[in-house]
Amino acid sequence: MVIRIPETIYAAMVAHVSAGYPNEACGALGSKDDLVVKHYPTANAAQHPDDFSEIAPQDLLRISYDIDEYDGETIYYHSHPHSEAYPSPRDIEWAKRSGYLYLIFSHQHSPEPPYARVFAIDSSGNVTEGSIERV
Ligand SMILES: [Zn+2]
């Protein structure tokens, strides 16, 4: 699986997760034929934003409707302030239910810029890494 992300959107995601640091930050991307076409930065609605992130239901609904307009796919993204860019057990539990692709940033090498990896997580919790191509 390859996800192509325009540089402008990638830079906007880096800015969003960096603004949220040292908390986790999150948002969504809409893609069409593996090309990311739209960026939806959101607030982190988790009760403990320092160790989890989630999009508020009303934001997620609004984003889902918008992505349906162009028949796109939803990619969920969030950041890990300290740990590597790999899905946590809790991420996997949530991903199993949502079916979204997961793009995860890590600030573990801060003050260097965060790096990102992307994963497909199936309903059994199997994690497959894809690659990110910045275009
Ligand atoms: Zn996570």
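Aspartate 34 sits in the loop between β2 and β3 (35-42); helices (H or I, at least four residues) and strands (E, at least two) are DSSP runs, numbered from the N terminus. This is a predicted model, in which local features need pLDDT of at least 70 and side-chain atom pairs count only at pLDDT 80 or more, while totals for chains, interfaces and linings use all residues. Residues are numbered from 1 along each chain as its sequence is written, and side-chain values use heavy atoms, with hydrogens and water left out.

The backbone at aspartate 34 has a phi near 70 degrees, a positive value in a residue other than glycine. With a relative accessible area of 39%, aspartate 34 is partly exposed; buried means under 20% relative accessible area, exposed over 50%, and partly exposed in between (1.4 Å probe, protein chains only).

A positive phi also occurs at aspartate 71, about 55 degrees, although this residue is not a glycine. Aspartate 71 belongs to the loop between α2 and β4, and its relative accessibility of 61% makes it count as exposed.

Which residues hold the zinc ion? The ion is coordinated by His78 (NE2), His80 (NE2), Asp91 (OD) and Asp91 (OD), at 2.0 to 2.7 Å. Donors are N, O and S atoms within 2.8 Å of the metal (3.2 Å for Na, K and Ca); water is not among the atoms, so sites may look incomplete. Along the chain, the donors follow the spacing H-x1-H-x10-D. Histidine 80 lies in strand β4 (residues 73-80) and aspartate 91 in helix α3 (residues 89-98), so this pair ties together parts that are 11 residues apart in sequence. Histidine 80 counts as buried, at 3% relative accessibility, and aspartate 91 counts as buried at 3% relative accessibility.

The angles among the 4 donor atoms run from 53 to 159 degrees, and the site of the zinc ion is irregular. Four donors count as tetrahedral if all angles lie between 85 and 135 degrees; four count as square planar and six as octahedral if opposite donors are over 155 degrees apart and all others between 65 and 115; anything else is irregular. For reference, ideal angles at a metal are 109.5 degrees for four tetrahedral donors.

The elements β4 and α3 return in the largest pocket. About 230 Å³ of space lies in this pocket. It is lined by 13 residues, of which Leu60, Trp94, Ser98, Tyr100 and Tyr102 lie nearest its centre. The elements that give two or more residues to this lining are β4 and α3, and the largest share, 4 residues, comes from α3. On a 1 Å grid over the protein atoms alone, a pocket is an open set of points where a 1.4 Å probe fits, with protein on both sides within 12 Å along at least five of seven lines; lining residues have an atom within 4 Å of a point. Grid points are joined across faces, edges and corners, and the volume is the space filled by probe spheres set on the points. By class, the lining has 7 nonpolar, 3 polar and 3 charged residues, where Ala, Val, Leu, Ile, Met, Phe, Trp, Tyr, Cys and Pro count as nonpolar, Asp, Glu, Lys and Arg as charged, and the others, Gly among them, as polar.

Isoleucine 121 and tyrosine 100 are 21 residues apart in sequence and 7.8 Å apart in space, C-alpha to C-alpha. At 7% relative accessibility, isoleucine 121 counts as buried. Aspartate 122 lies in the loop between β6 (115-121) and β7 (127-129) and counts as partly exposed at 35% relative accessibility. Its C-alpha atom is separated by 9.3 Å from that of leucine 101, 21 residues apart along the chain.

Two cis peptide bonds remain. One runs from tyrosine 21 to proline 22, with omega near 10 degrees, and proline 22 lies in the loop between α1 (7-20) and β2 (26-32). The other runs from serine 110 to proline 111, with omega near 10 degrees; proline 111 lies in the loop between β5 (101-106) and β6.
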